Amino acid sequence: MAIEKYESLSEVLTADIDGSSMMHSYLVPLWVRHAEAIGSENIIEILEGGLNRNIVFRQRTDIGEQHMVLRVPKSEEDRAVIFDAIQQEYDGIGATAHGISFRLRSIDGQAAFIDETRKNGLKTLPHMGVQEGVMMMPFIDGIALSNYVGQDVENVDPTVINNVLQHMTAAHNLGFIFGDRWTPNTIISSDGDFTEIDFDISLVGDHKTVAAFELSQTLYHLLHFSGENRVWMVQQLSDFYHNNPDLMELYDLAKIRTFMEGHTIYFRQKYE
């Protein structure tokens, strides 16, 4: 897309990108009061998600240049297509049969979830405010966990993976379910720290069952994206849980196994 055609934030928010309209009249004035004209020279990129567009731009302040993200929901029509695809996936994996359903969090709902998790010490990406259904967030440098585990194995620190899994169980023990925990939604920074992002999806059901599903989702995608490192990853996960049996006390192990098998069968059939 030609970034040059945008001269203000209002134009960005109402642009038609690749034929998919973002025309929501209530978006036009958003953030204009403190960034009236972002200007094409300040727009770095637009990251397309299934449910949102994330507009990355630079903001100059007294302390230097900062990169920010404006999270804008896609149209109801676009979101309905993704909703149906998620439902098909959960049906195929077996989540629905075990009483798990889902709903889409609004931008306000995502902000409230972030606030609550951070209040409880969890590593979720902060937001800087919500206005009329659009959220401002800081841009964080890093690599998605999916890409991290697929690197040459000597560049993959098992401690990073262990910390992510311990953090998930800590969240589950606090009563939180992140939703949609495939590995692209965990960002690893250069110092080995991590941040959980993207909370569009809220899982609904018995907490112990939903927690088992969410953990199985992460474990499956760790194995999937590890690629040539898969045997190494199996050994790392086996050693980690063998050495930390208390982390499994919350979970129904039979359901984790069922959901892991469900993920494997569903995605094998989907991509055959």
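1. A charge is taken to sit over a ring if NZ of Lys or CZ of Arg is within 6 Å of the ring centre and within 35 degrees of the ring normal. In this predicted model, arginine 105 lies over the face of phenylalanine 113, at 4.0 Å from the ring centre. Lysine 123 is likewise placed over the face of phenylalanine 194, with a distance of 5.5 Å from the ring centre.

2. The structure contains 13 aromatic pairs. One of them joins tyrosine 90 and phenylalanine 213: the ring centres are 5.1 Å apart and the planes stand at 70 degrees, so this pair is edge-to-face.

3. The placement of these two residues in the chain deserves attention. Tyrosine 90 belongs to helix α2 (residues 76–93) and phenylalanine 213 to helix α6 (residues 207–225); the pair therefore ties together parts that are 123 residues apart in sequence. Both tyrosine 90 and phenylalanine 213 are buried.

4. A further edge-to-face pair is formed by phenylalanine 240 and tyrosine 241, with 4.9 Å from centre to centre and 65 degrees between the planes. Phenylalanine 240 has 5% relative accessibility and therefore counts as buried. Tyrosine 241, at 13% relative accessibility, also counts as buried, because the term applies under 20% relative accessible area.

Methods: Residues are numbered from 1 along each chain as its sequence is written. This is a predicted model: local features need pLDDT of at least 70, side-chain atom pairs count only at pLDDT 80 or more; totals for chains, interfaces and linings use all residues. Side-chain values use heavy atoms; hydrogens and water are left out. Rings of Phe, Tyr and Trp (its six-membered ring) pair if their centres lie within 6.5 Å; planes under 30 degrees apart count as stacked, over 60 as edge-to-face and the rest as tilted. Helices (H or I, at least four residues) and strands (E, at least two) are DSSP runs, numbered from the N terminus. Buried means under 20% relative accessible area, exposed over 50%, partly exposed in between (1.4 Å probe, protein chains only).
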